[in-house]
Amino acid sequence: MSVPELSILIIDENRIRASIIEDGLREAGHTRVALVHSVNEVARRITEILPDVVVIDLENPDRDQLEHFFTLSRALRKPVAMFVDRSDTAEIQAAVEAGVSAYVVDGLKKERVKAILDMAISRFNAFSRLTRELEEARTALEDRKIIDKAKSILMKSRGLDEAAAYALLRTTAMNQNRKLVDIAQSLVTAAGLLGSDI
Amino acid sequence: MTEYRITAGFIPLTDSLLLVMAREKGFAADEGVELTLVREISWANIRDRVAVGQFDVAHMLAPMPIAASLGLSPIDVPVISVMGLNLGGNAFTVSAALWEAMAAAGAPADFSPADVGAALKTVVRARANKLKLAVVHPYSSHNYELRYWLAASGIHPGRDVELVIVPPPLMADALAAGRIDGFCVGEPWGSVAVASGAGRIATVKARYWPRSPEKVLGVAEAWAAANPEALLALLRAMHRAALWSSDPANHAEAAALLSQPTYLGQPADIIGRALSGLIAQGAGQVAAVDEFFIPHALGANLPNPDDALWYYSQMVRWDDVQHSPERAAVAAGSYRPELYRAVAGAALPKMSRGEWFDGVHYSPAELESYIETLRRSDLLIS
């Protein structure tokens, strides 16, 4: 017996994250996946999409509005509940922690929807991890630039070689119980104020 | 010394005042509470993050604990109100174009709810398409207040206008962009719309329902049971914040603190006027509205089960829930006065609530006949 395929609507202002979730769902064999980025678009396309499952990110400022819209909308023929099972607190917790909410048309088999929500949660988590790693890499690169600049100031003004300049920065940081990059930043700022030729 | 760590969610509104002052004025720290405030973007997030325990407590809409306890929320976690945060503070703002039409139909500038409502009715009757009016959430005081005022003015809120949901900080923009024609929201967002020229405050909560309950401090019942001492310490801090905030001499400082980008991110003078009840009437005119915003006096902070029952009566009236004596008891039971009463002790002000402008008397002891009276009059709206 064939089961009709579920229509899934993803509402996310972050287009990259939305595409990552869409990819995951398509890989899992779902073909009826729609991506929407704004409330107006939801209102315009809801009757064409007729979703069984709606996934919304928690950072969406229009979540209250969308939630209300789904409870009222006649495009969703049956009442809508959030999440799969109101008593499955572990699943709900995982979803909220990942930053995702899901609205499900009443009467769907729990297992079918759970797989979709699990997928959304893991993709949301993967996306946050990616963003965090990118941010860390960016910060590390910025820090390196500041430290290099501080080193070159010391090398010029004190006639030190690179290793000695770095050692001086490190000892100062340790003595003052501050981060190396903070000492470097202070030095760069001070040099700028004093108009030193860097 | 820090004994308790408490995380609280809030929405950028003037009535987040007590939570912000508890932290910023050091009242929480004095009580051994390290209070972390997290600004949220939607009421749904406040509701869900309290339910899953990411927030220990939160700035909540008055009907939210009632809805959660009645099982109307998506996550089945009972929530209770342990303290009222204010009485009043909301305003109904309309677009410049709608105000022009209402003024032509006789709307006065004095916020009189009956006269402003009558003018709005004339405009609604003359229009071909429905006005779009926004509230902040289905289970909000704003939704039930606006519906009450409209119905009492002879406008059926379900049939004659379209009610939509917009988060408070986006109201002024939605009005300016013409996506909505009016909105009911807590300050400063009505005054922000007036200041930008997009809107005009037509009437205020303090006039259509004087001295009426607004935001609450909500907490999951299970968290309150598991952390009684932390909660008492927080309530002591909140009580001191309420006493401090009720002194008009502190309004300017409170407004400056609230205006910071991490809290409201709006001009301190607008917030300060909202605290002092000086409400812009448009065209540079400011009117002093008596009892516009009450953070402590008149029993503002004591959770009052009769207030919960009023919100419950409106939930029944508009078919959000079917009445039964058991459900009414659950609604009343979601407002818990004991803890705050113990904290306030002798400093508890005498409770006072006003009557609705239409003179229909609310008596919690005769809840069923009250609901019946309102429902009958709703049927007669033509």
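Axes here are lines fitted to C-alpha atoms, for helices over the stretch in contact, and angles run from 0 to 180 degrees between N-to-C directions. Helices (H or I, at least four residues) and strands (E, at least two) are DSSP runs, numbered from the N terminus. The model is predicted: local features need pLDDT of at least 70, side-chain atom pairs count only at pLDDT 80 or more, and totals for chains, interfaces and linings use all residues. Residues are numbered from 1 along each chain as its sequence is written, and chains are lettered from A and ligands numbered from 1 in the order in which they are written.

**Exercise 1. Describe the packing of helix 4 of chain A against helix 5 of chain A.**

Step 1. Two packed helices are described by the angle between their axes and the distance between the axes.

Step 2. For helix 4 (residues 89-98) and helix 5 (residues 110-158) of chain A, the angle is about 35° and the axes are 9 Å apart.

Step 3. The crossing of helix 4 of chain A with helix 5 of chain A is left-handed (the near helix is turned anticlockwise from the far one by less than a right angle; clockwise would be right-handed).

Step 4. Helix 4 of chain A contributes Glu91(A), Ala94(A), Ala95(A) and Ala98(A), and helix 5 of chain A contributes Leu117(A), Ile121(A), Phe124(A) and Asn125(A). Two residues are in contact if their C-beta atoms, placed from the backbone, lie within 7 Å.

Step 5. By class, these contact residues are 6 nonpolar, 1 polar and 1 charged (Ala, Val, Leu, Ile, Met, Phe, Trp, Tyr, Cys and Pro count as nonpolar, Asp, Glu, Lys and Arg as charged, and the others, Gly among them, as polar).

**Exercise 2. Summarise the fold of chain A and its domains.**

Step 1. Chain A has 7 helices and 5 strands, in the sequence order β-α-β-α-β-α-β-α-β-α-α-α.

Step 2. Of its 198 residues, 32% count as buried. A residue is buried if 20 or more other C-beta atoms lie within 10 Å of its own, exposed if 12 or fewer, and partly exposed in between, with C-beta atoms placed from the backbone.

Step 3. Among contacts in chain A with a separation of 6 or more, 64% join residues 24 or more positions apart.

Step 4. The assignment for chain A gives domain 1 (8-132) and domain 2 (136-194) (bounds come from an automatic or database domain assignment). The C-alpha centres of these two domains of chain A are 47 Å apart.

**Exercise 3. Describe how the domains of chain B meet, and which part of chain B touches chain A.**

Step 1. Chain B is assigned domain 1 (4-86 + 212-262 + 296-373) and domain 2 (90-211), with C-alpha centres 25 Å apart.

Step 2. Domain 1 of chain B places 25 residues in contact with 24 residues of domain 2 of chain B. On the domain 1 side, helix 4 (64-69) and helix 15 (305-317) of chain B are the elements that give two or more residues. That side has 15 nonpolar, 6 polar and 4 charged residues.

Step 3. Between the chains, the contact takes 19 residues from chain B and 17 residues from chain A. Helix 3 (43-51) and strand 8 (161-165) of chain B each supply at least two residues of the chain B side, and helix 3 of chain B gives the largest share, 5 residues. The chain B side divides into 12 nonpolar, 4 polar and 3 charged residues.

**Exercise 4. Examine the backbone at Leu50(A), Arg211(B) and Pro188(B).**

Step 1. Most residues other than glycine have a negative phi, and most peptide bonds are trans.

Step 2. Leu50(A) has a positive phi near 40°. Leu50(A) lies in the loop between helix 2 (39-49) and strand 3 (53-57) of chain A, and is partly exposed because 15 other C-beta atoms lie within 10 Å.

Step 3. Arg211(B) has a positive phi of about 50°, in the loop between helix 10 (205-208) and strand 11 (216-220) of chain B. With 19 C-beta neighbours inside 10 Å, Arg211(B) is partly exposed.

Step 4. Glu187(B) and Pro188(B) are joined by a cis peptide bond with omega about 10°. Pro188(B) is in the loop between strand 9 (182-186) and helix 9 (189-195) of chain B.
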